[in-house]
Every structure is written in C-alpha cells, then in structure tokens.
Amino acid sequence: MLRRLSGSVPQIKKLYFTFSVNEEYKIQILDRLKQIKQSNSGKDIVSNGHIENLSIDQDGKVIIDLKLDQDYRKIKALCQDALKQFEWIKNLDIRMAPKKENVTTQTNSQKRGNLKNVNKIIAVSSCKGGVGKSTIALNLTFSLQKLGFKVGIFDADVYGPSLPTLIGKEKQQLYAPEDKPKEILPIEFNGVKTMSYGYASGNQKAIIRGPMVSSIVVQLVQQTQWENLDYLVVDMPPGTGDIQISLCQELNFNGAVIVTTPQRLSFIDVVKGIEMFDVLKVPTLSVVENMAEYVCSNCNQLHRPFGPGYMNMLQKQFGIATALSIPLYGDISKYSDLGSPVVLTLPEDHTINNIYRQLANNVVNELNRTHLNQSPTVRYDTTKRVIIINDSEGKEKSIQPIELRSKCNCALCVDEFTGKRLNQNQKLDQEVFPQKIEPKGNYAVAIVWSDGHRSSIYPYKRLWSQEINEYSS
C-alpha cells in the first residue's frame, strides 16, 4: 500500500542548467520522492531502490527509470503527482527500468518447480483481446509437435481460459499424484500435455483481484508435472499490464510470438507488446497477423476486409523478417468450437497447415539463433568516431553517426502510416554520437543519441543495406 505525500517544496524556476544547478534539481526531486512511503516496509521508494536512474537534460526534461515490480503503476502515478508542482519540469518521462541481464546464460536449474524440466518457454501474446491468440497458440503447439518435439501448452488466462473449449475438455477435472499431493497431473490431448485454470474452475467465472492472479498462475504452472519438454507454449492473457510483466519475470520466457490483426489500432498495440518484451529482455520471435484476408468462394477474388495491414511497416521499422499472415478461413473457428485443432484436422498440404508449419520453424530457428548468438554486433569507436557493425563471418561496415541519426525511422522521424519523413527540415547536430547501443531481440539495435533522441531502432538488414551509406576514411 502506498501513501500519498502532502506539503510543498520550494521550487527553482530557471530553465537553463549549469552542472551544479542540475545536481541541485536532482537532489530536490529525490527529496520529494522520499516522501512517498510503502506501508508494508515503512521505507520510502528511494531507499527501497525503486528509482534506478534519474537524469535531467538542459531543456528541462526529467527521465526516471522505475524498478519493475507489482507496485510499478502505483509508484509511477504517485511520482507523477509528486513532481507536477515543479514548474521547471517541462517534460516528465517515467519508464520501466530495463531488466538487468545476468552475467551467465539462464539454465534450466534457474527455473522453478517443474519448469526445471522444460527446455524452452514461449509466450504467445497479444495486446488486445479478440485477435485469435489462443487458437494460434494451440495450433503452434501441435505444429511444433509435428516437427518431432515434446511439447506442452499452458493457458495463463484466469479471467477467460480458452484451452478447455479448444480441445473439448470443459468438464475435465484435475488430480494430484498419490506420491506427490502438492503437484498436479496435466491433461493430455493427442500426446500434448495441457494445463489451464479452466480445468480447476469449471464453468464458474473467475472473480479475482489483480495482484492475486499472477500468484495463482505461477503456482499452477510450476506445480504441473510437465516432465521433460522441449517447448512449453504459454497462452498469455491479453494486454501489457502488471500480470503480463509479472509472468515474464517469473517464467523466464525464451522468446515471444505476438499476435495482431490488420487494423491500425492493432498495429499500435503490437508495438507496445514488442517494446514490453524488449524491456524484459525477451526476444520477439515472430509477429502473426491473423484474419488478414480471404478468398471469396463466388468470385474467387482476394479480399482484405480490415485493410492492407502493417506487416511491411513491422518488417521495415523493427526488422522482424519472420512476420507472417494467417487468412480468414471458416474451418478454423468451426473446428476450434468442436474441440479439434485445425492443424490436426485439415490435410497436411493445406494452406493453413503450411502457414503454421512455417511459424513453428520460425520459432525454432529464431530460438537457435538466440542460443548461438548469431546476431551482428554494433559498437561505437570513440577514436575514429564511427559506428561499426560486424557479423559472425567477419564482415564489417563503418557508418558515420550523423548518417544513421538522419535516417532514423521512428514515429517521431517518419509518419508510421504514410512513410513521409518528418525530420527532413530539422537541423541536426553534425557532431551527434550514440550514448547507448543495445540489441532489440534478434532483429535490430536501439540507439540513444547524444542530442536526446531515444527512440531510434535500426534493423540489422537495414544497416547492411545500401540505404545506409558506408563511411570510408
């Protein structure tokens, strides 16, 4: 429980900072934030380590990185309320602090409970409901099984579990093994181990407070006897809120598949999903655009009822080469309602089966790339003042920072939907340089520039292309 602060603190109204004034502002901000207490510990959020980074630039922009935990949203709201009285703050940006990377690669022994026996855990996620995420998660699971892997699927949606209906197990009951009464036997369907809160709740609707949901879900997945699995597919609840963040932290996903539809609103939401997984150091393995098109049975013409979609934009802006589309096909919903996954029902050479086979192969190949660390490296050479990209085969390319900065394709520099460049008349600092370079999954790097621009993402494929001019001294 967090307590709101009261009282006022004297304010400084200068807009241009010297170093000493900048430090004075930091002290004032931290003193203000120290008044926000946590009732469970009695400590303030600064002493508790919730403020992982605080920076102020010369234009009055304040950036605060907050620790990512179950109180993140409450603390963010209280910080915004606490600092709004400082008139000199012209732009307040409170964000999730990036997840700290371990020095060593995660091993199965770091996974808890029965997840120790699971080699890879894959999240299938969507930022909004109604996009067909659960159907895609299930058919991906059986497509992985067809490739010869031992696979399980976990339905992590407490409020609207879909798995029992999709495999015709609505009346299924859960049992514990006699020798291990605290564990749960999974429900097997066609050789795949499955688990869902829907098995435990039956037809009753779940009425559970948000903070309890993550605990229930984590307990359920860790106590299930998965035995030895190559892949566990987790059908995530829709959204990018506290529950999704907690699941990412607790389950240690190896990668994510994000499901969307062609509408503009879905594109905006899928970007939020990619960014959430990036912050949590979970690589996006593929993006699936569901219900993209259909062929009319009368005129045999191809139609896209929700518009042309934004697959090209996803590939161009984020470099996700494994993005693919699934058409509207009546038998998908028909067989799903009957409890028979479509990839187990349609002929092997059917278009739908071919698409899901491609998706499964994409997931396997991208996870292998992550494990082998085959992505290029990008660094800034401070002596030569150039950005250098290297691949695993020894290929190298040098790029001037101003060349890369001027060709940023983020939403602030290029209109996401028309492709028109918005910064062509902007006067850029010719001496600009990268302050931070970090990978974005397997597909790109993000750069924070010295001029304060923080949203630049450059796909590796684009860095190698002739669109980005190579520098030769």
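An open sheet of three strands runs in the order β19-β20-β21 with antiparallel pairing, where helices (H or I, at least four residues) and strands (E, at least two) are DSSP runs numbered from the N terminus, and where two strands pair if DSSP finds at least two bridges between them. At its edges stand β19 (434–440) and β21 (456–459), each of which pairs on one side only, and neighbouring strands of this sheet are turned against each other by 25° on average, direction ignored. This is a predicted model, in which local features need pLDDT of at least 70 and side-chain atom pairs count only at pLDDT 80 or more, while totals for chains, interfaces and linings use all residues. Residues are numbered from 1 along each chain as its sequence is written, and side-chain values use heavy atoms, with hydrogens and water left out.

Strand β20 (residues 444–449) is joined to β21 in the antiparallel sense over four bridges, and within this sheet Ala-446 stands opposite Ile-457 in β21. Helix α9 (residues 311–318) lies across β20 and β21 and runs at about 100° to β21; here axes are lines fitted to C-alpha atoms, for helices over the stretch in contact, and angles run from 0 to 180 degrees between N-to-C directions, with contact meaning heavy atoms within 4.5 Å.

A second open sheet of three strands has the order β3-β4-β5, with mixed pairing. Because β3 and β5 stand at the edges, each with a single partner strand, one side of each is left without a neighbour in the sheet. Neighbouring strands here are turned by 15° against each other on average, direction ignored. Strands of a sheet pair through backbone hydrogen bonds, either parallel or antiparallel. Strand β3 (residues 51–56) pairs with β4 in the antiparallel sense over five bridges, and Leu-54 stands opposite Ile-64 in β4, while Ile-56 has Val-62 as its bridge partner in β4. On the other hand, six bridges join β4 to strand β5 (residues 91–96), and these two strands run parallel; the bridge partner of Val-62 in β5 is Leu-92.

Five of the six residues of strand β4 (residues 61–66) are buried, so this strand is largely enclosed by the rest of the structure; buried means under 20% relative accessible area, exposed over 50%, and partly exposed in between, for a 1.4 Å probe and protein chains only. Together, β4, helix α2 (residues 72–83) and β5 make a right-handed β-α-β unit, a crossover being right-handed if, with the strands pointing away from the viewer, the path from the first strand over the helix to the second runs clockwise.

Burial can also be followed in helix α7 (residues 242–251), where seven of the 10 residues are buried and the helix is mostly covered. The buried residues of α7 are Ile-243, Gln-244, Ile-245, Ser-246, Leu-247, Cys-248 and Leu-251, and the helix is followed by Asn-252, whose phi is positive, near 55°.

The largest nonpolar core has 107 residues, and those with the most contacts inside it are Leu-33 and Phe-154; such a core is a set of buried Ala, Val, Leu, Ile, Met, Phe, Trp, Tyr and Cys residues joined through side-chain atoms within 4.5 Å. Helix α12 (residues 351–372) gives the largest share of this core, eight residues. Apart from this core lies another, of 19 residues, among them Ile-387, Tyr-458, Tyr-460 and Leu-463. Leaving aside neighbours within four places in sequence, the residues in contact with Phe-154 include Met-195, Val-217, Leu-220 and Trp-226.

Charged pairs complete the picture. The structure holds 13 salt bridges, a salt bridge being a side-chain nitrogen of Lys or Arg within 4 Å of a carboxyl oxygen of Asp or Glu. One of them joins Lys-146 to Glu-348, with the closest N and O atoms 2.6 Å apart, and this pair links distant parts of the chain, 202 residues apart, with Lys-146 in helix α3 (residues 133–146) and Glu-348 in the loop between α11 (342–345) and α12. Lys-146 is partly exposed, with a relative accessible area of 35%, and Glu-348 is partly exposed as well, at 42%. Glu-431 forms a salt bridge with Arg-385, the closest N and O atoms being 3.9 Å apart. Glu-431 lies in the loop between α13 (401–406) and β19, and Arg-385 in the loop between β16 (377–381) and β17 (386–390), so the pair ties together parts that are 46 residues apart in sequence. Both Glu-431 and Arg-385 are exposed. Finally, salt bridges that share partners join Lys-146, Glu-348 and Arg-357 into one network.
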